[in-house]
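Q: I'm new to this structure and would like a close look at a single part of it. Could you walk me through its aromatic pairs and what lies around them?

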Amino acid sequence: GAYPKNWGLKKPDRNIDPRRVPNLGKYFERKGNSLRLPAEGEYANFQPGDLVTCTVPPHLPHIMLVSDKKTLGGRPLVIHNIGGGAREEDVLASYPLTGHYRLK
């Protein structure tokens, strides 16, 4: 009952619900893994292995894994799959962030 009801289904879909980004965010929050969202341009609190959720325009939930590599300016790269296979890219500042999580 604590999980989002965004899908218009009458009951949970065991095949896909565990992979849905809003459900993952709620799970991480419930387990005490949520961190505050940083201010724009603030990257010091990101650590390799952190999970970051965001919204890809117009309204698609997305999840990314913070890499151990950074840009010359110090912004962490992220590893994600946005349809073209897994990639390591500088897109942390490209989408509105909706969650920041660190697993214990």
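A: Happy to, starting with the wider setting. Among contacts between residues at least 6 apart in sequence, 45% join residues at least 24 apart. Keep in mind that this is a predicted model. The protein has 1 helix and 6 strands, and from the N terminus on they run α-β-β-β-β-β-β. Of the 104 residues, 29% are buried.

Now for the rings. Searching the whole structure turns up 3 aromatic pairs. One of them joins F28 and Y101: the ring centres sit 5.2 Å apart, the planes make an angle of 50°, and the pair counts as tilted. F28 belongs to helix α1 (residues 21-30) and Y101 to strand β6 (residues 97-101), so this pair ties together parts that lie 73 residues apart in sequence. How hidden are the two partners? F28 is buried, because its relative accessibility is 7%, under the 20% cut-off. Y101 is buried too, with a relative accessibility of 3%.

Next comes the pair of Y43 and F46, which is also tilted, at 6.4 Å centre to centre and 35° between the planes. F46 is another buried residue, at 5% relative accessible area.

Back with the other rings for a moment: F28 and Y101 share one aromatic cluster with Y27.

Y43 and F46, meanwhile, lead us to the largest nonpolar core. That core has 11 residues in all: Y43, F46, V52, C54, V56, M64, V66, V78, V91, L92 and Y95. Strands β2 (51-56) and β3 (60-70) each supply at least two of its residues, and β2 gives the most, with 3.

Let's pick out V91 from that core. Leaving aside residues up to four places away in sequence, V91 touches M64, V78 and H80. M64 and V78 are core members as well.

In β5, its bridge partner is E89. Strands β4 (residues 76-81) and β5 (residues 86-89) run antiparallel to each other and pair over 4 bridges. Their hairpin has 4 residues between the strands, and there G83 takes a positive phi near 120°.

Terms used:
Residues are numbered from 1 along each chain as its sequence is written. This is a predicted model: local features need pLDDT of at least 70, side-chain atom pairs count only at pLDDT 80 or more; totals for chains, interfaces and linings use all residues. Side-chain values use heavy atoms; hydrogens and water are left out. Rings of Phe, Tyr and Trp (its six-membered ring) pair if their centres lie within 6.5 Å; planes under 30 degrees apart count as stacked, over 60 as edge-to-face and the rest as tilted. Buried means under 20% relative accessible area, exposed over 50%, partly exposed in between (1.4 Å probe, protein chains only). A nonpolar core is a set of buried Ala, Val, Leu, Ile, Met, Phe, Trp, Tyr and Cys residues joined through side-chain atoms within 4.5 Å. Contact means heavy atoms within 4.5 Å. Two strands pair if DSSP finds at least two bridges between them.
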